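These are my notebook entries on how the chains of this assembly meet. I began with symmetry, went on to the interfaces and ended with a record of annotated positions.

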Number of protein chains: 4
Amino acid sequence: MTSPFILINFKTYREGTGHSADRIARAAQAVMEDTGVEIGIAPSFTELRRMAKHYTIPVFAQHIDGVDAGAHTGRIPAYMLTMAGASGTLINHSERRLTLAEIEAGLAAAESAKLQTVICTNNIRATAGAAALGPSYVAIEPPELIGSGISVATADPGIIEGSVRAAEEKNPSVKVLAGAGIHSGKCVRIALDLGCTGVLLASGVVKADDPEAVLRDLVSRC
Amino acid sequence: MTSPFILINFKTYREGTGHSADRIARAAQAVMEDTGVEIGIAPSFTELRRMAKHYTIPVFAQHIDGVDAGAHTGRIPAYMLTMAGASGTLINHSERRLTLAEIEAGLAAAESAKLQTVICTNNIRATAGAAALGPSYVAIEPPELIGSGISVATADPGIIEGSVRAAEEKNPSVKVLAGAGIHSGKCVRIALDLGCTGVLLASGVVKADDPEAVLRDLVSRC
Amino acid sequence: MTSPFILINFKTYREGTGHSADRIARAAQAVMEDTGVEIGIAPSFTELRRMAKHYTIPVFAQHIDGVDAGAHTGRIPAYMLTMAGASGTLINHSERRLTLAEIEAGLAAAESAKLQTVICTNNIRATAGAAALGPSYVAIEPPELIGSGISVATADPGIIEGSVRAAEEKNPSVKVLAGAGIHSGKCVRIALDLGCTGVLLASGVVKADDPEAVLRDLVSRC
Amino acid sequence: MTSPFILINFKTYREGTGHSADRIARAAQAVMEDTGVEIGIAPSFTELRRMAKHYTIPVFAQHIDGVDAGAHTGRIPAYMLTMAGASGTLINHSERRLTLAEIEAGLAAAESAKLQTVICTNNIRATAGAAALGPSYVAIEPPELIGSGISVATADPGIIEGSVRAAEEKNPSVKVLAGAGIHSGKCVRIALDLGCTGVLLASGVVKADDPEAVLRDLVSRC
């Protein structure tokens, strides 16, 4: 059985930058070491190298561009991410949507660079499309619940179940993460029970007064 | 067995506008009536209503926006297309790429309005993703061959075969059109033999001196 | 002195389509004939030709693509607009934002086709940038007030004044329209008093129970 | 009189990454110290912090997003850039085009963070629009010459002259950089003689066998 995976997206929150980012990364590393539950972080591009250097947990990029090295000003090719120490990347987050062709190109580039891939989707049908592309993970995040504090696990378990089924049907090797409003061990437990491999979350940890306590709660029922 | 489908994209060619558009539409209608092979046209937005009113052949839009009626300046909602008489729409053409979320929204909107849907893709993997979304058709068009005069059917049969297989695997009810460089009955025959339901083409017909002759050749080996 | 200009954006409102669009266009034509105040309409692409054919008032497109005739599926080149009978076009509406390069290309294309141009902007500084490009009009529309029913003329006269001044400074031949929440003759009067040449509005007319009454009120204090 | 400014865009060239990036940065620093000509570099996001920490020359970002700290996955707010040690940023590079609203927002965000700003443009009219927004610099780069090895300074001095004039007219405090194909001290000299403050270049230095020699040549006639 696959070990659960908790992925923390730092977005561009101030609390996910500088010393505060270190505090979260340290907590994630401690909780991962104590419990064996895999916990990854997705810091901003400018902090990725620093985080990957100092911590042993998986460090993801928040976005990848499916372009080669070359004349691509302001873009993030796969080789930049591996040089910076990333082990994976988000693709098509709701705050950084991509065309189907860009998603496919980013995915192919990430794979060539041995990066794990998480394609974010907004509904069951989009999950089917994304899963058919064959990433490591699809993260289903109903946009209206992102950052709402209302957990997709309790507010809309049907979308999680449907996404797990759609991914299973289109590509059984693709794992599903539940996202949007996840904030407790109970949410994580529901997501796992519905067939997910883990969760993608952001403000629930990043903006918490005590990130380590939240992380310990999140993994408590894995 | 499904009847073959030839879809002619008028793009924004001058030869696909005004009197010249009528000439092509008339030819398509004559050839369809004579041979029974379904021939559709995709004129520009500003000519869609006029074409749909005057001809009995299927008229497609070149693009749809997955938005409702409302405050969406410059957008093309499904209801506009049906009001104008369209019976289907292209989605995600290589000259009008969309995000995965927009493709899914356009598809859902088109379906609610009973419009046929053709999602355009650029490679086998993208075809898998598009087919998993469940449109009426996926049109596979290697971008480097579009408008090249070099037929995908002869230059890259592998991409057609792979796309047909990918669509079959992800959603057997989705039909595949071959696009890019199609210009003769021989190209169409190869596409059909490789498992396609038809072809999507543009300049081969639109810029031809004698569009009717080209159309008659295109359907000659169906 | 320049005659005032009232431009009504039909967006994709159902009330701005079909018979309802005709009702508004007829009203606009009647009011323009009675009062001499210029009233233009911006219907959807699929209705543009029909409206331009039946009414003598200026008909604008909601968007233009700065591309030539050619391989531009789903795009709206200038020549399509003139063929359909348009006399002008919106550019960069807040619901259809464009890159600076696209705005400039659309503007140049529109000019070559003798189309009037209205670049929409969201604040004073963007107005300065847009005016420096030299369109016929800049329409200043604070995004937060669009469709709000709260008139920019009363809620934020400073942004109108600042925009008029910025346009004057960067290119004195560029006229300014005030947009967002405009709904009465009083709003129009304020806009004119602040130095605008007219207004750009949508729901205030399009969704009105009696569009003609609203139009008569709008021009009443010109 | 303003001191000349040479800005080297590392794009995503492999030669602008890792050890090779250090080699260029070291050379730039040495040449700047020896000659007093200001030389800046624009490395990738993932290397920005490292470069800013190790070198005393100005370090620019290749792009900025005009968003605040917050829920903006994969974006680059101004505060991230200042935290990483940047002293300025490119905006709207031809490989990373932005809407007018995004350019204006990025500019405002950069200014609040005391970052220098370079808006890239593609022709004289776009330069007028960009200059009216009031950045520190406008960099005029005819897209067809970027990376061509053909210098804008010799191939199209008219576009440089016209851009300098347009900027002067719309906002005299805005300085102009010439870009595209710049590769020698002669190009730089022509640009300065035409009224530019400096140049923006990439492959000419980044892909050179001996970047320091190229840099010394570039500043030789300043």
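Entry 1. I superposed copies by least squares on the C-alpha atoms of residues with pLDDT of at least 70 in both. The model is predicted, so I noted the conditions: local features need pLDDT of at least 70, side-chain atom pairs count only at pLDDT 80 or more, and totals for chains, interfaces and linings use all residues. Residues are numbered from 1 along each chain as its sequence is written, chains are lettered from A and ligands numbered from 1 in the order in which they are written, and side-chain values use heavy atoms, with hydrogens and water left out.

In general, two copies of a chain are related by a rotation about an axis and a shift along it. I found that chain D is brought onto chain A by a rotation of 180° with 0.0 Å of shift along the axis, at an RMSD of 0.0 Å. The two copies are therefore related as by a two-fold rotation axis. Which residue of chain D comes closest to the rotation axis? I identified D:Thr46, whose C-alpha lies 2.5 Å from the axis.

**Entry 2. Interface of chains D and A.** I counted contacts (heavy atoms within 4.5 Å). Chain D contributes 33 residues and chain A contributes 33 residues. For buried area I took the accessible area (1.4 Å probe) that two parts lose on being put together, summed over both. Between chain D and chain A this is about 3100 Å², with 56% given by carbon and sulfur atoms. D:Thr12, D:Thr46 and D:Thr73 supply 25% of the area that chain D buries against chain A, more than any other three residues.

I then searched for salt bridges (a side-chain nitrogen of Lys or Arg within 4 Å of a carboxyl oxygen of Asp or Glu). Two cross the interface of chain D and chain A. One salt bridge joins the side chains of A:Glu47 and D:Arg49, at 2.7 Å from N to O. On the side of chain D that touches chain A, the elements giving two or more residues are helix H2 (45-54) and helix H3 (78-83) of chain D; helices here are DSSP runs (H or I, at least four residues) and strands are runs of E (at least two), numbered from the N terminus. H2(D) gives the most, with five residues.

**Entry 3. Interface of chains C and D.** Here 23 residues of chain C touch 24 residues of chain D. The buried area is about 1800 Å², and carbon and sulfur atoms give 56% of it. Of the area that chain C buries against chain D, C:Leu100, C:Arg125 and C:Lys170 supply 38%, more than any other three residues.

I found two salt bridges across the interface of chain C and chain D. D:Arg125 pairs with C:Glu111 in a salt bridge, the closest N and O atoms being 2.4 Å apart. Helix H4 (100-112) and helix H5 (124-133) of chain C are the elements that give two or more residues to the side touching chain D.

Entry 4. I consulted UniProt, where an unreviewed entry lists A:His93 and A:Glu141 for "active site". The positions are given in the numbering used here, feature names are shortened, and annotations may be inferred rather than shown by experiment. I located A:His93 in the loop between strand S4 (88-91) and helix H4 (100-112) of chain A.
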